[in-house]
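Welcome, and thanks for taking a look at this one.

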Amino acid sequence: EKCSSLTTVTFQASSQCKSIGVYAFYECSKLEKIEIPPSVQIISDYSFRNCTSLTIIIFSPQSRLNTIGSYAFFNCTSLKNITIPNNVTSIGLYAFSYCESLPNFTIPPKVTNITEKFFYECKSLSSIEIHDDVDSIGVSAFNYCINLLNFTIPPKVTYIAKHSFYYCNSISSIVIRGNITAIDSTAFEKCSELNCI
């Protein structure tokens, strides 16, 4: 049953919850804020999908989180603040698609794969911090990120996939630091301001 009236979630300080399950808060459309207890290691697929009022997610400095599933924060259209814990090693595909209010993002140091449609239609995303160990950027990863201004391809990335930056029509420069062996013909399609690669 949909939790459309739920506005807050509070975990006890002693909570030993290790996983937020599949569809746990799916379509909790009035949920505005949640603090994830440090014991949580997995945020499963679809956990917060369509939580359209969710503005902030807070993780403890002692967080043991290591996995964020596919579609976990899909269509969280009000999300403005999230700092992913450094222990996270895996973030699934479509994880932040349609988070259209998210202004910036830092890829955690142990995440090496920016998965398919990771930031699809994140229309407010203007900056992203990405580390040198990232070795792949998925199909349509930044599709329609219309406020993204610039981007640096990490040195371990060898292929720029289909529609990676499609319709990023504010981006003016792409810095390639790696040994790129192939760029798909649609990777930078509709990037009307791009003048330097």
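C28 is buried, its relative accessible area being 0%. Keep in mind that this is a predicted model.

**The disulfide**
- The structure contains 1 disulfide, and the cysteines that form it are C3 and C28, with 1.6 Å between their sulfur atoms.
- Distant parts of the chain are linked by this pair: C3 sits in the segment before β1, while C28 lies in the loop between β2 (19-20) and β3, 25 residues apart.
- The link of C3 and C28 is left-handed, with -90 degrees about the S-S bond.

**Cysteines without a bond**
- For C76, the closest cysteine sulfur belongs to C99 and is 5.1 Å away, which is too far for a bond.
- C76 also counts as buried, at 0% relative accessibility.
- C145 is in no disulfide either, and the nearest cysteine sulfur, in C168, is 5.2 Å away.
- Like the others described here, C145 has its own burial value: a relative accessible area of 0%, so C145 is buried.

**The sheet**
- An open sheet is built from 4 strands in the order β1-β3-β5-β7, and the pairing is parallel.
- At the edges are β1 (8-9) and β7 (81-82), each of which pairs on one side only.
- Strands β3 (residues 33-36) and β5 (residues 56-59) pair in the parallel sense over 4 bridges.
- Looking along β5, you will find I56 opposite K33.

Technical notes. Residues numbered from 1 in each chain as written. Predicted model: local features only at pLDDT ≥ 70, side-chain atom pairs only at ≥ 80, totals over all residues. Heavy atoms only, no water. Pairing = 2+ DSSP bridges. Helix = DSSP H or I, 4+ residues; strand = E, 2+ residues; numbered from the N terminus. Disulfide = S-S within 2.5 Å. Buried < 20%, exposed > 50% of the residue type's maximum accessible area, 1.4 Å probe, protein only.
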